[in-house]
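Hi there,

Here is the structure I promised to pass on.

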Number of protein chains: 2
Amino acid sequence: MLENMNKTELSQLGEFGLIKHLTEKIELLNESSIKGVGDDAAIIDNNNLQTVVSTDMLVEGIHFDLTYVPLKHLGYKAVTVNLSDIYAMNAQPKQILVSIALSSRFPIEAIEELYNGIYLACKNYNVDVVGGDTTSSKSGLIINITAIGQVEKGKAVYRNTAQEKDLLVVSGDLGGAYLGLQVLEREKEVYQTNPNMQPDLEGCDYILERQLKPEPRADIIQLLKTLEVHPTSMIDVSDGLASEILHLCNQSEVGCQLYEEKIPIDPTAVQKAVEFNLNPTVAALSGGEDYELLFTIPMSDFEKVKGNPNLTIIGHITNKDSGVNLIANGGAQIPLKAQGWDAFLKNKEENS
Amino acid sequence: MLENMNKTELSQLGEFGLIKHLTEKIELLNESSIKGVGDDAAIIDNNNLQTVVSTDMLVEGIHFDLTYVPLKHLGYKAVTVNLSDIYAMNAQPKQILVSIALSSRFPIEAIEELYNGIYLACKNYNVDVVGGDTTSSKSGLIINITAIGQVEKGKAVYRNTAQEKDLLVVSGDLGGAYLGLQVLEREKEVYQTNPNMQPDLEGCDYILERQLKPEPRADIIQLLKTLEVHPTSMIDVSDGLASEILHLCNQSEVGCQLYEEKIPIDPTAVQKAVEFNLNPTVAALSGGEDYELLFTIPMSDFEKVKGNPNLTIIGHITNKDSGVNLIANGGAQIPLKAQGWDAFLKNKEENS
């Protein structure tokens, strides 16, 4: 990604120069953004609203691979995965803080591309960049984003409030982002073996976009309002469906029956899973990075969500003693285990 | 720092296990901390107060050197430098978010030490840890902290509101943290040449503490309230006095006369500067990391601060055309230049 760019060395601008260069385009969109970049801290106003904050760190070589992730997409995704956490509280994101550490291998133009992605995501979701930190690293790129949102008092939706007999609902479809990653990893290997080979990405648009440019489900939060559906609990799907269901159930002290046949998976994802000799259900359960919303609703809201193309009822909440189970297509009941992406185990494998 | 510890590998706990392990001791201290660690985001209440947020990233090998910085001190400092930014807005810090990335060279016990420092700082300044992210890195330790504070509407103090004829005031003393760093660097070199040599730290307690365990000036914010002094502008001294004065003056579109003879420097710092063949004034102007508060007050408040042992009047604000000048001890007028610690230039030197 770095080869074809103009290169202005970071040291030509210096830290303050770089900050100025990167932030001079910022226009504050939200009335609540009283003070943005340029002081010791940003100031955000509140009018009997609750402030919701979340933070995520992305590390080169662990969370992203610049051999196939364009920097603009990386910036976009770094923002949207944070916004997803705010929406998962039923809140509206309003501001972000952006910290980046980068080595001198990155020219200004590379960082601009990264920020172009950051600013595009902010524009698309009506969010202000109100601060951050920019520093150097000994190796690689690290991005930390803190997202700040607002929610009316009493309207936030937690993970630990699912109720027995609730319906378990997920937005969109699952597994696509993981299969997009498999395609990118395969093409990287092909490229490394023979740099003259053209990448074979035909028919992969949807799953590549799921991996490279995930969109948080702001629309689902709006849809639920329109449908007058009040989720009893909610979480976003970042580590895989299995892991998120276990979070909801463990924290709410309930059990769950999840039906394999109900799990929504896009046809492209199914097809690619077969190509990679993977079980599509496993991709959905353990793949992660789909950034869909998983939530529970009272049975009385069934009619409101039934048949909605954006929402799929995939199971129901039981008492704790029944456990958290997958009902497989053949009818077998299998206890669900978290096999989500685990940064430390992944690193361990890579090191060993 | 890592040699003498018990070692539990991170992979034994996994990401969720580590988060649980590190956060199970947290007790929320502030009524406004509605929801802490354990959901997609934290929730912070507001009662017609403004939320103030700031973030800082610390990178191993750039901002700290684990050969002489104990992990507990590092955790403590990572928090306090962020709180300093909140106080510099005349606000009260209330919550922090902590993101860390670490390689598998760090055992659990090392991370616990780091967090012990983080929790101690939070306890000392009545701040809650309400969230964060924990992940792995390919090399080294990266810490990103976001601090969130509150301030009454209209009470925040900015950088860009210094007025002509205001007095320029600084808390505490300057240059100590930089000279503490010089001592640590010297002893590191001695140790690398001869590991059997005992470090020569006698008489350095004060400046080492300034470097390793800086305290943000919460007391000064309180003092100013008690004295009924309302700063017209304020900033914390993180990059060196010269750099901060230039920020204040440039953003406020004013000039300044700074008197060398007035700059408060601790006797230990003066003595060590002489030992290192450094000009103490240069250490104060360019050293940084003192985390004192630099602010401007109306001339009418002169009697309120005069003779206060915590506060020193070091100059006064002039019109923009007069420039930003140091009046040296001999009487010469020298235009002030920012020679603050510059992460990129520093890295550049190290690489070259």
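**An exposed asparagine**

Asn329(B) has 10 C-beta neighbours inside 10 Å, so this residue counts as exposed. Please keep in mind that the model is predicted. You will find Asn329(B) in the loop that links strand S12 (324–327) and strand S13 (333–335) of chain B. Beyond its neighbours within four places in sequence, Asn329(B) is in contact with Glu260(B) and Glu261(B). Glu260(B) lies 69 residues away along the chain, yet its C-alpha atom is separated from that of Asn329(B) by 5.8 Å.

**A sheet from two chains**

An open sheet with mixed pairing is built from six strands, in the order S1(A)-S2(A)-S3(B)-S6(B)-S4(B)-S5(B). Strand S1 (33–35) of chain A and strand S5 (128–136) of chain B stand at the edges; each has a single partner strand, so one side of each is left without a neighbour in the sheet. On average, neighbouring strands are turned by 25 degrees against each other, direction ignored. S4(B) and S5(B) run parallel and are joined by eight bridges; Gln95(B) has Asp128(B) as its bridge partner in S5(B). Helix H2 (residues 71–87) of chain B packs on the sheet, touching S3, S4 and S6 of chain B.

**A helix pair**

How do H4(B) and H8(B) cross? Their axes come within 9 Å and cross at roughly 45 degrees, which makes H4(B) oblique to H8(B). The crossing is left-handed. Gly176(B), Leu179(B) and Val183(B) of H4(B) meet Ala269(B), Lys272(B) and Ala273(B) of H8(B) in this contact, a set of four nonpolar residues, one polar and one charged.

Best wishes

Note on methods:
Residues numbered from 1 in each chain as written. Chains lettered and ligands numbered in written order. Predicted model: local features only at pLDDT ≥ 70, side-chain atom pairs only at ≥ 80, totals over all residues. Helix = DSSP H or I, 4+ residues; strand = E, 2+ residues; numbered from the N terminus. Buried ≥ 20, exposed ≤ 12 C-beta atoms within 10 Å, placed from the backbone. Contact = placed C-beta atoms within 7 Å. Axes fitted to C-alpha atoms, helices over the stretch in contact; angles between N-to-C directions. Parallel < 35°, antiparallel > 145°, perpendicular 65-115°, else oblique. Left-handed = near helix turned anticlockwise from the far one by under 90°. Nonpolar A, V, L, I, M, F, W, Y, C, P; charged D, E, K, R; others polar. Pairing = 2+ DSSP bridges.
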